[in-house]
Amino acid sequence: MSDKDNKGSMTVAEAGRKGGETVRNERGREFYETIGRKGGATVKAERGRSFYEEIGRKGGETVKAERGAKFYEEIGKKGGDRVKATRGPNFYEEIGRKGGQKVKKLIEEGKRAARAAMAASPEGAPQEGSSATPATPAAPSGETAGPGQNE
C-alpha cells in the first residue's frame with residue numbers, strides 16, 4: 001500500500017513517538033529513568049564495563065572527527081562556567097584542597113606500607129616478586145650510579 005491509499009495512517013516513527021508520549025503522560029519521566037537504569041545494568045552484566053568504555057571512546061572519536069577538538073574545549077568551558085555559576089567560585093578551591101589532601105594521604109599510606117614491607121622481610125632475603133640478588137645501595141647524591149648499582 002502507498003501513502004496515498006492510507007491518508008489517515010502514521011509512519012512507524014510517528015506511532016512510536018505518540019506511544020512514548022502516552023506512556024510518559026501516564027507513568028511519568030521517572031519510569032523511563034528506572035527502565036533505563038535497569039537496561040544499563042543488564043547490559044553491563046552481560047557485556048562488562050569495557051563495553052561502555054569502548055562505545056564511549058568510539059563516540060568521542062566520531063564527535064571529534066565531525067566537530068574537531070576545539071568543540072571539547074568549548075563544551076568544557078561552558079560546563080565549568082555553569083558549575084561556577086551554580087556552586088560558586090570557591091567550589092573549585094574546595095575540591096582542589098580535598099583532592100590534594102587525598103593524594104597526600106595516599107602517598108603517606110604507600111610510604112608506610114613500603115616501610116612495613118622492608119621491616120618485615122629479613123635483611124638480604126629477596127622479597128616476593130623481586131629478583132634473587134639483593135639490591136645494592138644507590139649512589140650518594142651528586143654521583144652517578146655505576147655498573148650493578150641502582151640507577
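Residues are numbered from 1 along each chain as its sequence is written, and side-chain values use heavy atoms, with hydrogens and water left out. Because the model is predicted, local features need pLDDT of at least 70 and side-chain atom pairs count only at pLDDT 80 or more, whereas totals for chains, interfaces and linings use all residues.

**Overall make-up**

The protein holds five helices and zero strands, where helices (H or I, at least four residues) and strands (E, at least two) are DSSP runs numbered from the N terminus. Along the sequence the pattern reads α-α-α-α-α. Of the 151 residues, 3% are buried, meaning under 20% relative accessible area with a 1.4 Å probe and protein chains only. The accessible surface, which comes from the Shrake-Rupley method with a 1.4 Å probe, is about 13,300 Å², and carbon and sulfur atoms account for 54% of that surface. Among contacts (heavy atoms within 4.5 Å) with a separation of 6 or more, 0% join residues 24 or more positions apart.

**Helix lengths and the glycines that follow**

The expected span of a helix is 1.5 Å times one less than its number of residues, and the table sets this beside the distance between the end C-alpha atoms.

| Helix | Residues | Number of residues | End-to-end C-alpha distance | Expected span |
|---|---|---|---|---|
| H1 | 12-27 | 16 residues | 22 Å | 22 Å |

Two packed helices are described by the angle between their axes and the distance between the axes. Here axes are lines fitted to C-alpha atoms, for helices over the stretch in contact, and angles run from 0 to 180 degrees between N-to-C directions.

H1 and H2 pack at about 105 degrees with their axes 6 Å apart, which makes H1 roughly perpendicular to H2, a term covering angles of 65 to 115 degrees. In this contact Gly20, Val23, Arg24 and Arg27 of H1 meet Arg29, Phe31 and Tyr32 of H2.

H2 (residues 29-47) and H3 (residues 49-67) likewise pack at an angle of about 105 degrees, with axes 6 Å apart, and are therefore roughly perpendicular to each other. Gly40, Val43, Lys44 and Arg47 of H2 make the contact with Arg49, Ser50, Phe51 and Tyr52 of H3.

Key
Angles under 35 degrees count as roughly parallel, over 145 as roughly antiparallel, 65 to 115 as roughly perpendicular and the rest as oblique. Buried means under 20% relative accessible area, exposed over 50%, partly exposed in between (1.4 Å probe, protein chains only).
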